[in-house]
Amino acid sequence: MSTTGQKLRELREKAGLTLRKAAMQADIDVAILSKMERGERKLTKELILKLAKMYNENPEKLIIDFLSEKVIYELKDEEFGLKALKVAEKQIKYMRTNNK
């Protein structure tokens, strides 16, 4: 299972961009982008959206992967993580239904 960073690297390479060119277009340091692709530095939603546009990729899947990684990071070692996730899902549905 590949990470969002790994997927972004694959998309960059598929788009024919070097790390340096992609970093320049995204207006970030080359070393930072490299670390993000390797999973050594956290990505941001804003950067994912920018890179998806640069790579002509639909951002939805990348954002979903990014958000799921954030949840996994918080819950992976928790004994009741899956149960908490199910409760959170119900709460999100309730909040969306009642806030319209």
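Guide: A residue is called buried when its relative accessible area is under 20%, and exposed when that area is over 50%. The model here is predicted.

Visitor: Which residues of α2 are buried?

Guide: In α2, A22, A23 and A26 fall under that 20% limit.

Visitor: What covers the buried residues of α2?

Guide: The cover includes α1, α3 and α4.

Visitor: How do you know that α2 and α4 are in contact, and which residues make the contact?

Guide: Contact requires heavy atoms within 4.5 Å. The axes of α2 and α4 come within 10 Å and cross at roughly 120 degrees. A22, Q25 and A26 of α2 make the contact with L47, K50, L51 and M54 of α4.

Visitor: Which residues of helix α1 are buried?

Guide: In α1, residues 4-14, the buried ones are T4, G5, L8, L11 and R12. Their arc around the axis is only 120 degrees, so they are on the same side of α1. They pack against α2, α3, α4 and α5.

Visitor: Why is the charged end of K42 said to sit over the ring of Y73?

Guide: The limit for the distance to the ring centre is 6 Å, and the direction must be within 35 degrees of the ring normal. The charged end of K42 is 4.9 Å from the centre of the Y73 ring and counts as sitting over it.

Definitions and conventions:
Residues numbered from 1 in each chain as written. Predicted model: local features only at pLDDT ≥ 70, side-chain atom pairs only at ≥ 80, totals over all residues. Heavy atoms only, no water. Buried < 20%, exposed > 50% of the residue type's maximum accessible area, 1.4 Å probe, protein only. Helix = DSSP H or I, 4+ residues; strand = E, 2+ residues; numbered from the N terminus. Arc of directions from axis to C-beta. Axes fitted to C-alpha atoms, helices over the stretch in contact; angles between N-to-C directions.
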